[in-house]
Amino acid sequence: MRWHHVIGGLFGASKSAPPAELPDDDLELSMVEVAAYARALAAKRGYPDDSHDMIARRIVFLERRGIPGLGPFHRDLVLFADEPFSMRFNMVRPDGRRGGQCPIIAGVTLDPQLEAMTCRTESDAAWFPAPSNSVLLIPKLAEWLRPIGRAAVIHWLADGQRVGQAFVDGFRIALHGKIEAIHEAPYVGISGFAEDGEPKPAFRSGFTERMRIKQRHMTMMIEYLGREP
Amino acid sequence: MTVLTQMRAALADNPQLEHAFRALSPGDRSILHALLDTEAAEASTVVGSANARLWTLLETTGIMKRNERPELTKVAPGIEILSYTLTDRGYRALPVLMSLIDSSGN
């Protein structure tokens, strides 16, 4: 199998020792391994070199807080593998739909608007077509909020209903909603956070140093990394 | 008053805070990042260290709190070991403080 060569290249594993067969159940990755896979995926897709560390940092930020980051990033690359990377920047898709653009680039383009967005009330959030796998917007917002000590909320909207909310407080997050519903939601909104609102979110910082991943997802990710350009 | 305003006022009222921050080595600073990034993390230092000087000041601003750990003195008799954690307020205020100091140059 080719995948063990990829792992060896990534983590310096001995090439002389044949890999043991993968167990049937879930696998575990340390945060160092998560970061290495995130960097490798970003490089494979063609993200600029100087963005790889940023992408890895944000994915580890999510995973350390028990929120999927590596899976959604890999999913994003696979779902849009046939779309030229340069097209992933556009909010309008090749088929004319709006939304589904790259969540990493969408985070960058939000920068000039975040000041105004995070001053809005939760009932008056600023809405825009959702990037694909938009859970990946959370760490971007967290990094923007940290130096100014503000908290904010990301909302996800589907069929007129809020299907998810991420309360973001710098290094801490409270995520409400199912990740599948969040990824399917066609609209994302950003607002400020009412400190005295109810119910109060239970903010959490990082609480795990290892993430679990299904063997089949791991195999798919390694196959993606091993694809010919 | 926002957290940003509160931290600006804390720096203005207590210049020692900035001096203590600037006295930290990169290793010392990494402890603060680890505390922010890891829930319920607890950090230890010894009396008289750069960390101890800063953490004591951060305690007065409500960013850190000292934990009573009498058992730590048994680890190294004669050396007073201090244990601190971030407060709830500290999770939001500490990044602001670090950003203000970093952006204020020399």
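A crossing of two helices is right-handed if the near helix is turned clockwise from the far one by less than a right angle, and left-handed if the turn is anticlockwise. In this predicted model, the crossing of H5(A) and H6(A) is right-handed.

**Helix packing in chain A**

Two packed helices are described by the angle between their axes and the distance between the axes. For helix H5 (residues 103-117) of chain A and H6(A), the angle is about 35° and the axes are 9 Å apart. H5(A) contributes Pro103(A), Ala106(A), Gly107(A) and Leu114(A) to the contact, and H6(A) contributes Leu137(A), Lys140(A) and Trp144(A). Sorted by class, the residues of this contact are 5 nonpolar, 1 polar and 1 charged.

**Chain A as a whole**

Chain A has 8 helices and 7 strands. It consists of 229 residues, of which 38% count as buried. Of the contacts in chain A between residues at least 6 apart in sequence, 71% join residues at least 24 apart.

**The sheets**

Chain A contains an open sheet of 5 strands with antiparallel pairing, in the order E2-E6-E3-E4-E5. Its edges are strand E2 (126-129) and strand E5 (172-176) of chain A, each of which pairs on one side only. Neighbouring strands of this sheet are turned by 20° against each other on average, direction ignored. Within the sheet, strand E4 (residues 161-169) of chain A runs antiparallel to E5(A), and 5 bridges join the two.

E2(B) pairs with strand E3 (residues 81-86) of chain B in the antiparallel sense over 4 bridges. In this pair, Met64(B) stands opposite Leu86(B) of E3(B).

| Strand pair | Sense | Bridges |
|---|---|---|
| E4(A) and E5(A) | antiparallel | 5 bridges |
| E2(B) and E3(B) | antiparallel | 4 bridges |

**Positive phi in two loops of chain A**

Asn133(A) is a residue other than glycine with a positive phi, near 45°. Asn133(A) is found in the loop between E2 and helix H6 (137-145) of chain A. Asn133(A) counts as buried because it has 25 C-beta neighbours inside 10 Å, and the cut-off for a buried residue is 20 or more.

Asp159(A), also not a glycine, has a positive phi of about 50°. Its place is the loop between strand E3 (152-158) and E4 of chain A. Asp159(A) has 7 C-beta neighbours inside 10 Å and therefore counts as exposed, the cut-off for that class being 12 or fewer.

**The contact between the chains**

The contact takes 13 residues from chain A and 14 residues from chain B. On the side of chain B that touches chain A, the elements giving two or more residues are helix H1 (3-13), helix H3 (26-37) and helix H5 (88-103) of chain B. H5(B) supplies the largest share of that side, 6 residues. By class, the residues of this side of chain B divide into 8 nonpolar, 3 polar and 3 charged.

Notes:
Residues numbered from 1 in each chain as written. Chains lettered and ligands numbered in written order. Predicted model: local features only at pLDDT ≥ 70, side-chain atom pairs only at ≥ 80, totals over all residues. Contact = placed C-beta atoms within 7 Å. Nonpolar A, V, L, I, M, F, W, Y, C, P; charged D, E, K, R; others polar. Pairing = 2+ DSSP bridges. Axes fitted to C-alpha atoms, helices over the stretch in contact; angles between N-to-C directions.
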